[in-house]
Amino acid sequence: MIKVELTENNLLCAGLVGVCRQVSGFVRDVQAGRDTQKGKYGVNNAVNGWQYNCDGAMAEMAVAKHFGVFYDGAYGNFKAKDVGELQVRSTSLKRGSLLLHDSDLDDDRFILVLTFEAPVLYLCGWCYGREGKQEQYWRTDTKRPAYFYPQNFLRSMDTISQSEG
């Protein structure tokens with residue numbers, strides 16, 4: 001597990017990305033006539049959306065900082081990877097799992113970042129989408145049905161690079 005401490009400026013940048021994502025999501029939902037309370041994958045945008053978007057952006061910032069690459073938040077580009085060629089997932093739970101969905105690409109590399117001690121974040125490890133999207137990890141006993149890939153199955157952060165190859 002790798003510890004990354006975000007600076008005040010890192011937090012401000014990540015916070016702005018998270019806020020922009022949240023507001024953009026509200027606007028898209030209103031324009032499309034969708035319920036603004038119900039976000040993607042069962043997230044209640046009014047209750048949890050702000051936290052999920054800001055925590056997610058902090059996690060992406062931590063991964064970018066670890067690899068020494070510029071973080072732009074890929075705001076508005078829904079097809080972009082989170083950091084370089086990497087996908088990033090976050091959880092505020094110390095023992096939380098890496099969540100994956102059927103729409104996640106099998107060959108993408110996903111890093112789990114713990115945000116429970118922000119501004120200190122922890123890069124737990126990583127897996128390919130295909131590794132986590134197995135039937136035994138699928139859970140429906142939660143508000144957000146998904147594949148819950150356990151931390152202890154993740155590959156070491158020492159075995160991943162920011163780019164393929």
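Before you colour anything, know how the elements are named: helices (H or I, at least four residues) and strands (E, at least two) are DSSP runs, numbered from the N terminus. This is a predicted model, where local features need pLDDT of at least 70, side-chain atom pairs count only at pLDDT 80 or more, and totals for chains, interfaces and linings use all residues. Residues are numbered from 1 along each chain as its sequence is written, and side-chain values use heavy atoms, with hydrogens and water left out.

**Stop 1: the whole chain.** Switch to cartoon view and you'll find three helices and seven strands. Trace them along the sequence and you get β-α-α-β-β-β-β-α-β-β. With a radius of gyration of 15 Å, close to the 15 Å that the globule rule gives for 165 residues, the chain is as compact as a globular protein of that length.

**Stop 2: a cis bond.** Select Ala118 and Pro119. The peptide bond from Ala118 to Pro119 is cis, with omega near 15°. Pro119 sits in the loop between β4 (109–117) and β5 (120–128).

**Stop 3: aromatic rings.** The structure holds six aromatic pairs. Here, rings of Phe, Tyr and Trp (its six-membered ring) pair if their centres lie within 6.5 Å; planes under 30 degrees apart count as stacked, over 60 as edge-to-face and the rest as tilted.

Show the side chains of Phe116 and Tyr122. How are their planes arranged? The ring centres are 5.8 Å apart and the planes are at 15°, so this pair is stacked. Now for cover: buried means under 20% relative accessible area, exposed over 50%, partly exposed in between (1.4 Å probe, protein chains only). Phe116 is partly exposed at 31%, while Tyr122 counts as buried at 16%.

Next, pick Tyr137 and Phe153. Their ring centres are 6.1 Å apart with planes at 70°, so the pair is edge-to-face. Tyr137 lies in the loop between α3 (129–132) and β6 (138–139) and Phe153 in the segment after β7 (146–149), so the pair ties together parts that are 16 residues apart in sequence. Tyr137 is buried at 12%; Phe153 is partly exposed at 42%.

How values were computed
The radius of gyration is taken over C-alpha atoms; the globule rule is 2.2 Å times the number of residues to the power 0.38.
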